[in-house]
Amino acid sequence: MGRLRPGRVLMLGLELVVAGVLQTLPIGPPDVFWGGRPNLLGLLVLDTALRDGPWAGAAMGLLAGAWIDLLAGEIIGAAVGAWLIMGYGIGLLGTYLFRERWEVPLVIVPLGSLVGLTLELLFGTIWSPGRAVGGLWLQTVVPATVYNGLLAVMIYGLGHRWFWRLRPSAYHLGADIHAH
């Protein structure tokens, strides 16, 4: 695995702040667009894991999970544990599957979102029993998974169409990982 350059670390920090702020902004009435909302911090964890490998994904999962937990205000550790596991797991899976193929993230991102958000909900239920897991799962996890899947299509699918000739350095997701 290649080391992250200081410029990339700065960019990841900026992405974390932007995703966190966008995730905390209020969006219209809750019944618009099937309720729920995309989990931008989870999407950032999965994207970082695919681009930069398991350790960078785990570090971003730790930071994004801490941001989510601090916003929730009641359960500290549920999102940290879930997204740390997902960041490392998807990063490890990405080193074996992602070989400059834009189709792979279109499958991995929704599945990673589904598993990560479900783990976050289950960890929160373990630390704070008495929650209606089924109802919360349908209200939060399913819509966020659908939204993250649609965002993955936009990010990876359209990005592939736009950059298929140019091949900028940002397009080479995980190139440092696969070179070694």
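Helix α1 (residues 6–24) has 19 residues and, at 1.5 Å a residue, should span 27 Å; its end C-alpha atoms are 27 Å apart, which agrees. The expected span is 1.5 Å times one less than the number of residues, and helices are DSSP runs (H or I, at least four residues) numbered from the N terminus. This is a predicted model, in which local features need pLDDT of at least 70, side-chain atom pairs count only at pLDDT 80 or more, and totals for chains, interfaces and linings use all residues. Residues are numbered from 1 along each chain as its sequence is written, and side-chain values use heavy atoms, with hydrogens and water left out.

**Faces of α1**
- Arg8, Leu12, Leu16, Ala19, Gly20 and Gln23 are the buried residues of α1 (under 20% relative accessible area; exposed is over 50%, partly exposed in between; 1.4 Å probe, protein chains only).
- Seen down the axis of α1, these residues fall within an arc of 110 degrees, so they line one face of the helix; the arc is that of the directions from the helix axis to the C-beta atoms.
- Pro6, Gly7 and Leu10 are exposed on the other side of α1.

**Packing partners**
- The buried residues of α1 pack against α2 (40–52) and α3 (54–72), contact meaning heavy atoms within 4.5 Å.

**Gln139**
- Gln139 belongs to helix α6 (residues 133–163) and is exposed, with a relative accessible area of 52%.
- Between Gln139 and Gly36 there are 103 residues in sequence, yet 6.1 Å in space, C-alpha to C-alpha.

Technical notes. Helices (H or I, at least four residues) and strands (E, at least two) are DSSP runs, numbered from the N terminus.
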